[in-house]
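Biologist: Could you pick one part of this model and walk me through it up close? I'd like to hear what surrounds it and how the chain gets in and out.

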Amino acid sequence: MIKITEHKKGLKMEGFLSLNTAPSVNPFCKHMSKDKACICAQCYGRYMERRYPRAKQAWIDNFKALTTAVLTDEQAANIADVFNRKRRLVGVRLHSVGEIYNDFHIENFRKIVSNIKVDIPVTIWTKRLSFIKGLKERLQCNIIYSNPRINTVIEPSHFADIPVLHTFNVYDDKVQQNADMARLKASGINTVECTGSCKDCMVCYPKYGTETAHCAIFELTRKAQGKTRS
Ligand code: SF4
């Protein structure tokens, strides 16, 4: 049974639902977390797993269910129904914790998304665009490329053959972030600094298929935000 995460009042994704899997059992996440130049070395999902063991177990179960077989049409429709039936839903995020692991995983996401019938924005975050490129049928949701390298920016125009909406770039060096934002702005590229309140911002959640300007989004790590405030 897939467990959907409901994001509570006062948190960044208040009003959203997300479908997550456990980084602790994902070999890709484990590999990336060993690289200090990669944001995965500071993975917020692994922190959440340590803090909330019940959530961790649910995300482990989700990982097993989504990466070992293709869901039946009925199973995919039942999962999508959780989103379809939710009242006052602001948006859906595919992975607020975790990453695509294999072809089963992305095909299951595609099947679930194709069964979402309500008019709400759905966005997938991934560092692994090759899986999206490999899909036989198009993924009917917004795609954000999550740049794995900390303190660097990838321009949204970088991806010619995959319909990436925005790139999401994380920094723990505020000075470097400001310099990169200024550099991109000067060359006419849209830049956005993540506000930490998705329902008030919605830059990452336009209605799928609408004409939307591509952006490079910048976010400071929580730790760096703490340092900035002090
Ligand atoms: S840029 Fe806006 S919509 Fe995107 S993650 Fe940040 S607060 Fe949420």
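Modeller: Let's take helix 5: the cover over its buried residues includes helix 3 (53–67), helix 4 (73–85), strand 3 (91–94), strand 4 (122–126) and helix 6 (129–133). Keep in mind that this is a predicted model.

The helix itself covers residues 103–114, so 12 residues by the DSSP run. From its first C-alpha to its last it reaches 16 Å, close to the 16 Å expected at 1.5 Å a residue. Which of its residues are buried? They are His105, Ile106, Glu107, Asn108, Phe109, Arg110, Ile112 and Val113. As a reminder, an α-helix has 3.6 residues a turn, so residues three or four places apart point the same way.

Now to strand 3, one of the elements in that cover. Gly91 and Arg93 point one way, Val92 and Leu94 point the other way, and all of them are buried.

Strand 3 has a parallel partner in strand 2 (residues 16–19), with four bridges between them. Here leucine 19 has leucine 94 of strand 3 as its bridge partner. Strand 3 also pairs with strand 4, again in the parallel sense, this time over three bridges. In that pairing, arginine 93 stands opposite threonine 123 of strand 4.

One stop past strand 2, have a look at valine 25, which sits in the loop between strand 2 and helix 1 (27–32). Is valine 25 buried or partly exposed? It counts as partly exposed, because 17 C-beta neighbours lie inside 10 Å, and buried would take 20 or more. Leaving aside residues up to four places away in sequence, valine 25 touches Ile60 and Phe63. Both fall within the 53–67 range of helix 3, which is part of the cover over helix 5. Valine 25 and glycine 98 are 73 residues apart in sequence, yet their C-alpha atoms are 9.6 Å apart in space.

Key. Residues are numbered from 1 along each chain as its sequence is written. This is a predicted model: local features need pLDDT of at least 70, side-chain atom pairs count only at pLDDT 80 or more; totals for chains, interfaces and linings use all residues. Helices (H or I, at least four residues) and strands (E, at least two) are DSSP runs, numbered from the N terminus. The expected span of a helix is 1.5 Å times one less than its number of residues. A residue is buried if 20 or more other C-beta atoms lie within 10 Å of its own, exposed if 12 or fewer, and partly exposed in between; C-beta atoms are placed from the backbone. Two residues are in contact if their C-beta atoms, placed from the backbone, lie within 7 Å. Two strands pair if DSSP finds at least two bridges between them.
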